[in-house]
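Here are my notes on the model you sent over.

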Amino acid sequence: MAQAVEEWYKQMPVITRSYLTAAVITSVGCSLEIITPYHLYLNPKLVLQHYEIWRLITNFFYFRKIDLDFLFHMFFLARYCKLLEENSFRGRTADFFYMLLFGATVLTGIVLIGGMIPYVSQNFAAILFLSNSLTFMLVYVWSKHNPYIHMSFLGLFTFTAAYLPWVLLGFSFLMGTSTWVDILVWNLDISEFFS
């Protein structure tokens, strides 16, 4: 079994493997209290006034506690990031990296600018980690590239890939997690920039 996992890991494309590794190490490190999430979260004041620039990157690696939601996000990250990198971005690793970088930059900008707008700033101030949003962005972009693929959700019902973001949004709602973070991605339709 260990060889199968090792082989699966080695066959992943480089960007997917790197992001998955960073996410798992960061989340496990926080769960084991080797590192603290307080040094990872997105805080504009600490970034601008104390030059803690790493927060612009590390907030995309921490997926909170290790539970069922974490496992689902790791599955979606591994599956859809890999599918995008191997199929839609085959032979264009740099383009895939820049798509991720562009998506992360726009998501960070939305949160930072949204935090300055009266009446909605409280919602944006509650967003400390954008890892779920970036994973959801990958699923969203994949579903835009493959809208006619038939899928099944937990064996309960079938749908086409175009509806996958809606199904996941409903699942997040049923799990009791914040859907506000996932909705950020729908303002960010970057799939046509990197086709």
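How many helices and strands does the protein have? The protein has 10 helices and two strands, where helices (H or I, at least four residues) and strands (E, at least two) are DSSP runs, numbered from the N terminus.

1. **Ground rules.** This is a predicted model, in which local features need pLDDT of at least 70 and side-chain atom pairs count only at pLDDT 80 or more, while totals for chains, interfaces and linings use all residues. Residues are numbered from 1 along each chain as its sequence is written, and side-chain values use heavy atoms, with hydrogens and water left out.

2. **Overall layout.** Starting at the N terminus, the order of elements is α-α-α-α-α-α-α-α-β-β-α-α. Of the 195 residues of the protein, 44% count as buried; buried means under 20% relative accessible area, exposed over 50%, and partly exposed in between (1.4 Å probe, protein chains only).

3. **The largest pocket.** Its volume is about 360 Å³. The lining has 15 residues, and the closest to the pocket centre are Ile-57, Phe-61, Phe-97, Leu-101 and Ala-104. For the terms: on a 1 Å grid over the protein atoms alone, a pocket is an open set of points where a 1.4 Å probe fits, with protein on both sides within 12 Å along at least five of seven lines, and lining residues have an atom within 4 Å of a point. The volume is the space filled by probe spheres set on the points, with grid points joined across faces, edges and corners.

4. **Who lines it.** Helix 2 (14-31), helix 4 (55-58) and helix 6 (93-114) each supply at least two residues of that lining. Helix 6 gives the largest share, six residues. By type, the lining divides into 12 nonpolar, three polar and no charged residues. Here Ala, Val, Leu, Ile, Met, Phe, Trp, Tyr, Cys and Pro count as nonpolar, Asp, Glu, Lys and Arg as charged, and the others, Gly among them, as polar.

5. **Further along helix 6.** Leu-112 is also found in helix 6. Leu-112 is partly exposed, with a relative accessible area of 30%. Between Leu-112 and Pro-44 there are 7.0 Å in space, C-alpha to C-alpha, although the two are 68 residues apart in sequence.

6. **Aromatic rings.** The count comes to 10 aromatic pairs. Rings of Phe, Tyr and Trp (its six-membered ring) pair if their centres lie within 6.5 Å, and planes under 30 degrees apart count as stacked, over 60 as edge-to-face and the rest as tilted. Phe-63 and Phe-70 make an edge-to-face pair, 6.4 Å centre to centre with 70° between the planes, and both are buried. Ring pairs also link Phe-72, Phe-75, Phe-76, Tyr-80 and Trp-142 into a cluster.

7. **Helix 8.** Helix 8 (residues 131-145) is mostly covered, with 13 of its 15 residues buried.

8. **Two backbone angles to look at.** Most residues other than glycine have a negative phi. Glu-33, in the loop between helix 2 and helix 3 (44-49), has a positive phi near 60° and is exposed, with a relative accessible area of 70%. Tyr-51, in the loop between helix 3 and helix 4, has a positive phi near 55°; Tyr-51 is exposed too, at a relative accessible area of 64%.
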